[in-house]
Amino acid sequence: MANGKPPRLAFGVAAFLIYAFMYVPIAVLVGFSFQESRVLSWPIEAWSLRWYAALFENRQLLEALVNSLQVATACVVVTSLVGVPLALALRHFDHRFVALLERTILMPLIVPPLITGLAILLILNRAGIQLSLATIILGQSVVWMPIVVTQVYARLRSLDKELEHASMDLGANRLQTFFHVTLPSIRTSVVGSALLVFTLSFDELPVTFFLTGSENTLPMFIWSMLRIGITPEINAIASLTVLASILLTLAGIRLLLKKDKVR
């Protein structure tokens, strides 16, 4: 016990079990997506790509995929156009006021998405607005806006304001200073947070469940298919979704960790 090896071993075993509990089911899901038979059985006797090919023949699934891409892209545009100016505005407030604003902006991430979706649904019903892809975009933009604001603001705090002052002293106006000095300095944080928003929006279900109309997104379509049981098609589309989410998330995190240089 003196050298700390038993506690470290116990901690390592516990961490391994937790990660196994989280990721082994995903690995099993991916494995079953390559199974030849429609009946899920272990061990897998024959391997095939037939279920991935079947995805491209499912018209409803393709329509749901296009809807999800539209929603995710629109969320990126909305959160970027609103979130970046909000982050810029935070730099000019008093530090105590900034702390209050940061807590307020983070509320959508703290409150469960089910509550946020239900609250927005009640507001839309009172306003007489019909549910559609636009309402999904609105709800998801509210939920994921804090990601853009916090990440961009964190990068802005490390930016030397003297560079902006020097730009304006040399004759540039605020807009020119933003595009030639500020934006190049926060470029990777903007793109990185946009990738995270795209990934989260593409996979989002709770808010979408309350705000969807007659047009399904991909998560809603998968959820509706699950009500009749797990099929190889679900395993295939879930595997592709997990792969895309992992790649986009890793790319977003890498960009967020990368430092921009003003040329």
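The turns below cover a helix and then a salt bridge.

Me: What should I know about the source before starting?

Reply: This is a predicted model: local features need pLDDT of at least 70, side-chain atom pairs count only at pLDDT 80 or more, and totals for chains, interfaces and linings use all residues. Residues are numbered from 1 along each chain as its sequence is written, and side-chain values use heavy atoms, with hydrogens and water left out.

Me: What span does helix α5 reach, and what is expected?

Reply: Helices are DSSP runs (H or I, at least four residues), numbered from the N terminus. The expected span is 1.5 Å times one less than the number of residues. Helix α5 covers residues 113–127, 15 residues. From first C-alpha to last it reaches 21 Å, close to the expected 21 Å. Gly128 follows α5, with a positive phi near 75 degrees.

Me: Which residues of α5 are buried?

Reply: Buried means under 20% relative accessible area, exposed over 50%, partly exposed in between (1.4 Å probe, protein chains only). Thr116, Gly117, Ile120, Leu121 and Leu124 are the buried residues of α5. Seen down the axis of α5, they fall within an arc of 135 degrees, so they line one face of the helix. That arc is taken from the directions from the helix axis to the C-beta atoms. On the other side of α5, Leu122, Ile123 and Arg126 are exposed.

Me: How many salt bridges does a search of the whole structure find?

Reply: A salt bridge is a side-chain nitrogen of Lys or Arg within 4 Å of a carboxyl oxygen of Asp or Glu. The search finds 1. Glu63 pairs with Arg59, the closest N and O atoms being 3.4 Å apart. Both lie in helix α3 (residues 59–90), 4 residues apart, about one turn. Glu63 is partly exposed at 43% relative accessible area; Arg59 is exposed at 66%.

Definitions and conventions:
Helix = DSSP H or I, 4+ residues; strand = E, 2+ residues; numbered from the N terminus.
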